[in-house]
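Hi everyone, thanks for coming. Please have a look at the model on the screen, and then we'll walk through two spots together.

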Amino acid sequence: MKEIHILHLYPNELNTYGDHGNRLVLMKRLGWTGYEPVVHHHHPGDSLAKQIDFVIGGGGQDSAQADVQADILKIGDGLRKLAESGVPMLTICGTYQLFGHRFVTNTGQEVKGISIFDLETVGSDKRMIGNVMVKSEFGTIFGFENHSGQTFLGENQAPLAKVLRGNGNNGKDKTEGARSLNVFGTYLHGPILPNNPAFCDELIKLAVENHYGEFSRRKIDDSLSEMARATARRRPY
Amino acid sequence: MQDFLGTLIGKAVRLILSYRTGGGHALPGLVVEKLFPRYVSSMLSQIPGGVVIITGTNGKTTTTKIVSHLLNSNGLRVLTNPTGSNLTRGIASSLAQHANAFGRLKYDIAILEVDEATARRLVGLVAPRWVLALNVSRDQLDRYGEVDTIASYIGSALEAATEGVIVNANDPHLSERVKKVKKPVYYFGASPRLSKFFPSDYDLAAVDSSIEKATKSHKTDVELYRFNGQKVEYLVGGKKYAANLQLSGQHNFLNGAAALALCRRLLPPEKAQGLVAELSRVSLAFGRGEKYRLKNGAEVELVLVKNPASFTQALLSYGGAGAHLMIAINDNIADGRDVSWLWDVDFSPLNGHGVRLTSGKRAADMALRLRYDGIETQKIEPQLQPALHALSLGSGRKVILSTYTAMLQLYNYLNKNAEKIT
């Protein structure tokens, strides 16, 4: 079976809100589509894996973010090259913030990011917590946000989606997440992939096409996802 | 004489029943009450510390357990009635069971947990020293209908207290009813800052907020001041006390306040000092595998799951071959509104077994989660009661793994419609 190599960034440090679920769903759906997932864990101090078709990274406490920051600056050039070569990446919350220019904490401390996204994040006293619904090019996306960092996109940075319910990037401009090339960032947990299979399959398509130059879809029974999405639509913020 | 004969008959009926069904605690009381209509009042009059009634829609069982613990730890022998037997005949059964063969009860005080309608009837049989009223709330499974009717039942019980009453300061129904009480009224409640955690029936129904506003200013004898995780602070008689509670859930923190307020009236002042410290030693069996027998004879076990650790532990204990599982997931504040945590649970103990049902508000999310671990869910039924019914129709061992608020609903239903076995 054709392999797809997944790099999971800092699985021990950034895994707060069911981020393991994204990896699980990605792997299962790759399998159901006819590809064999191979996972590489990237821990602080490791060098980047040789074969990488997909990158995922989760969220964590602000303190954990400082721990991995030194490492991500070291592999930042490598990640940027992968991004430029079309490798899809899914970055959630903490990893999303580190893919921007910087994160300025509540206490004024500056945590530098790797600038794959043109955005920056500032800490705030207000925690944004609740069920979120956003509109994206992959249809409606449902998730759960839980963050105090407010992210502001640069002038030419495209968002991932428009907020229909909830706060999104900052609670002010109705944007949620970011997209540059095939790199996606978002605040949405839930985790995001199980409840949004269309989005997941689009990421898989990008990864497969990028590696093998062609992709054929297989029909997957998503009736349970549909039920969960109907629930999510009804739940209040 | 009726104490002796009634007790003997009650014990005899229980003995006969125990051979046939292995339980059944209302029938002995029914027989005894038929033969000796004054059995309950006569027996209870033996107890030197008298009778205390705990009533309300939610939290009776927990509060009674806490009060019993606090009084026990102060050397009192406490007679209580088991959960689910709070009709007067259940109390009669309990009295017959706990008395010795001569019909004597060796207890210092009786703390009786009764629903609202039973409270009104019980005070016709025996005058309680104190009545503690926890709350009045609409309850979809309630058999009494109108919430005002329920409130009036509690009102009758409150008016019958010979020494005084303790009521929830934040409950507008109760504030109305204590106006007729001639004896001293003491309040327990939550700090106004915590009110969002404790919506009253008026808040839930969004009716007549003018009454509600008028009730917020009662001076509380015991106040749930604040909490953070299991660390809870109470204001008791104006003084602040902190404790690390084993009780979980903010509702139980408030039940703790109610229990403290009652025990302060039942114990001499010098003993009341250590109550908050003692409260930290109370643990409940809540969701630790209690077993109920439904009317169709099926037995179900209840297990609380609230985070990846407790869920994984529960799967290891109950997930193996043979057990039919129902998993009920709600996403209310007390459950945690984010259900992401389900993806951090290790479901491998269910490999090859499957799950009978998922239920609760997030039933579909739960089934979806299981699907990605290759575990089949036979049925998705978000409504708890139909799900419980479907589970009960199967054969073999039946276990419900449930989050906090789903379990509260299940308890509420089971305590009225099933018999508690363990």
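So, are α6(A) and α15(B) roughly parallel or roughly antiparallel to each other? First, some housekeeping. This is a predicted model, where local features need pLDDT of at least 70 and side-chain atom pairs count only at pLDDT 80 or more, while totals for chains, interfaces and linings use all residues. Residues are numbered from 1 along each chain as its sequence is written, and chains are lettered from A and ligands numbered from 1 in the order in which they are written.

Back to our helices (DSSP runs of H or I, at least four residues, numbered from the N terminus; strands are runs of E, at least two). Helix α6, residues 223-234 of chain A, packs with helix α15, residues 363-371 of chain B, at an angle of about 150°, and their axes are 8 Å apart. Axes here are lines fitted to C-alpha atoms over the stretch in contact, and angles run from 0 to 180 degrees between N-to-C directions. Angles over 145 degrees count as roughly antiparallel, under 35 as roughly parallel, 65 to 115 as roughly perpendicular and the rest as oblique, and therefore α6(A) and α15(B) are roughly antiparallel.

Now for a strand. β14 of chain A, residues 183-186, pairs in the parallel sense with β4(A), residues 89-92, over 4 bridges; pairing takes at least two DSSP bridges. Met89(A) sits opposite Val183(A) of β14(A). On β13(A), residues 178-180, the partner runs antiparallel to β14(A), with 3 bridges, and Ser180(A) stands opposite Val183(A). In that hairpin, with 2 residues between the strands, Leu181(A) has a positive phi near 50°.
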